[in-house]
Number of protein chains: 2
Amino acid sequence: MPSDQTRSAILAAAERLYADRGFGDVTLRDIVAEANVNLAAVNYHFGSKDELIAELFVTRSIQTNRERLNELKAAEEKGGGRASIEDIMRALVGPTLRGCLGPDREGSTAARFMIRASIESVPPIRRIKNREVDHLRKFAAAMRRAMPGRDDTELYWGLNFALAMAHHTIREKERLIRLSEGKCDLDDVAGIIDRVVAVSVMALTTGDAASKSPPARPAVVHGRLTRQDL
Amino acid sequence: MPSDQTRSAILAAAERLYADRGFGDVTLRDIVAEANVNLAAVNYHFGSKDELIAELFVTRSIQTNRERLNELKAAEEKGGGRASIEDIMRALVGPTLRGCLGPDREGSTAARFMIRASIESVPPIRRIKNREVDHLRKFAAAMRRAMPGRDDTELYWGLNFALAMAHHTIREKERLIRLSEGKCDLDDVAGIIDRVVAVSVMALTTGDAASKSPPARPAVVHGRLTRQDL
DNA sequence: GATAGTTTCATACATATGTTTGAAATGCAA
DNA sequence: TTGCATTTCAAACATATGTATGAAACTATC
């Protein structure tokens, strides 16, 4: 009967500390102090530090992915098996943005932890993220159904840009606030989702020319690359 | 006469190793071995490991920033003091994308190093990146001149999304190739720049309603924003 | 060629940090 | 209780890694 008490305490303490101070600045000794457990408990319950981090990350990732797929499924049912491209993009970026920028700041170490995981890039998390491709393929498939005949390449670029806007906004949240001097309201999650979705849909549905060849590329040689060494 | 030879050798070796194996996996001892210099040379010439990394990063950053401003200036001169929004965005994302995705020219180590710096997030680099806000303000100012009357908030979001697409594409280059099974050509830098610029401009110039209030956010929770006209 | 400043070198230092260990404590079943 | 399995604990372990040191080698100016 694994009382599980120590285990949970470690997970909670670790997530909190990592969320607050980042992976680079938190040692196992910090974690066990915060959790009031013995140092050896981490290796006993998780095997290694990396496996602890991995467990934290997969737990939260699974949550997000499940929400994504739920929204996608709901959208497809609503549309009789074929979701609109807009709803698909919303299902793709909505859960992540809500999860990381959500207003429940106070208690939600989970959100802050996921932001950290997005900013810092530590080996165990990188390994897990690499498996995410399979998950994204489901969205690519849905997009293909929503936009039959559209070139696959365009579809992947749209997917890429949608994730780009969502993740970058999360990653660079503080910088955007500073740059815009508070004009960009990072707490208005619904508004942000609308923005990202709108631009993504535009990128995907714009000019059919784009599906044949890349958008109007000027023959001009770009800029001046005065490349002088320092 | 500071022969500078050792110093340069360290810089070159460090950039190569960091580019290949990342910051987390490369020690000073690896670097001095690669450079065929003594271990103490790093601290003698740079003061500390972090200052070495910082110097590597600022060198490349300065290059990129100078290219950006050069392009911006050229665009403004071309337009008689007022550059088009498209040219501004091109000046913003072009140099970075060319620098990081460019074809492997003379030792692509610089490019690969900058990709690493974008993926991993190590303290000395983070510190430098934080100063980048001032640089971005110059682009915000140019955009304001190009789109007078437009709400500042929209402008910052557009800037944010443009950087998002550029940086995310760089960061997740490998994943995008894998996801698209090679359909997305990450070597076609000019094409990528065109894509990013096109979407950015769309995001910025779309529906004037967006300049007054956030992009047509329906009262309905998951309402659809049909915004197809570019 | 002597002297002063600069650079290189081998080596030592310090110590942070994940991991292991073996014993003690605890819990559970018979 | 007894005995076995699980868990906790203090301490040790290992060692990777950035940094400091002091002497030697080198360079240049006089």
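Colleague: Which residues of helix 1 of chain A are buried?
Modeller: One thing to keep in mind is that this is a predicted model. The buried residues of helix 1 of chain A are A:Ile10, A:Ala13, A:Ala14, A:Glu15, A:Leu17, A:Tyr18 and A:Ala19. They are called buried because each falls under 20% relative accessible area.

Colleague: What covers the buried residues of helix 1 of chain A?
Modeller: The cover includes helix 2 (28–35), helix 3 (40–46), helix 4 (49–78) and helix 6 (109–119) of chain A.

Colleague: What span does helix 1 of chain A reach, and what is expected?
Modeller: Helix 1 of chain A covers residues 5–21, 17 residues in total, and reaches 24 Å from its first C-alpha to its last. At 1.5 Å a residue, 24 Å is expected, so the span is close to that value. After the helix comes A:Gly22, with a positive phi near 85°.

Colleague: What makes A:Asn36 count as exposed?
Modeller: Its relative accessibility is 72%, and the cut-off for exposed is over 50%, so A:Asn36 counts as exposed. A:Asn36 sits in the loop between helix 2 and helix 3 of chain A. Although not a glycine, A:Asn36 has a positive phi of about 55°.

Colleague: And why does A:Glu181 count as exposed?
Modeller: The reasoning runs on the cut-off again: A:Glu181 has 57% relative accessibility, which is over 50%, and therefore it counts as exposed. A:Glu181 is in the loop between helix 10 (173–179) and helix 11 (189–205) of chain A. Here too phi is positive, at about 50°, in a residue that is not a glycine.

Colleague: Which residues have the most contacts inside the largest nonpolar core?
Modeller: Those are A:Ile31, A:Leu97, B:Ile31 and B:Leu97, in a core of 144 residues. Leaving aside residues up to four places away in sequence, B:Leu97 touches B:Gly102, B:Ala166, B:Ile170, B:Val189, B:Ile192, B:Ile193 and B:Val196. In soluble globular proteins, nonpolar side chains tend to be buried together.

Colleague: How much space lies in the largest pocket, and which residues are closest to its centre?
Modeller: The largest pocket holds about 1,200 Å³ of space. Of the 49 residues lining it, A:Arg126, A:Lys129, B:Arg171, B:Glu172 and B:Arg175 are the closest to the centre.

Colleague: What classes of residue make up the lining of the largest pocket?
Modeller: The lining has 20 charged, 15 nonpolar and 14 polar residues. Helix 4 of chain A gives the most to that lining, with eight residues.

Methods: Residues numbered from 1 in each chain as written. Chains lettered and ligands numbered in written order. Predicted model: local features only at pLDDT ≥ 70, side-chain atom pairs only at ≥ 80, totals over all residues. Heavy atoms only, no water. Core = buried A, V, L, I, M, F, W, Y, C linked by side-chain atoms within 4.5 Å. Buried < 20%, exposed > 50% of the residue type's maximum accessible area, 1.4 Å probe, protein only. Contact = heavy atoms within 4.5 Å. Helix = DSSP H or I, 4+ residues; strand = E, 2+ residues; numbered from the N terminus. 1 Å grid on protein atoms, 1.4 Å probe; cavity = no way out; pocket = protein on both sides within 12 Å on 5 of 7 lines; lining within 4 Å. Points joined across faces, edges and corners; volume = space filled by probe spheres on them. Nonpolar A, V, L, I, M, F, W, Y, C, P; charged D, E, K, R; others polar.
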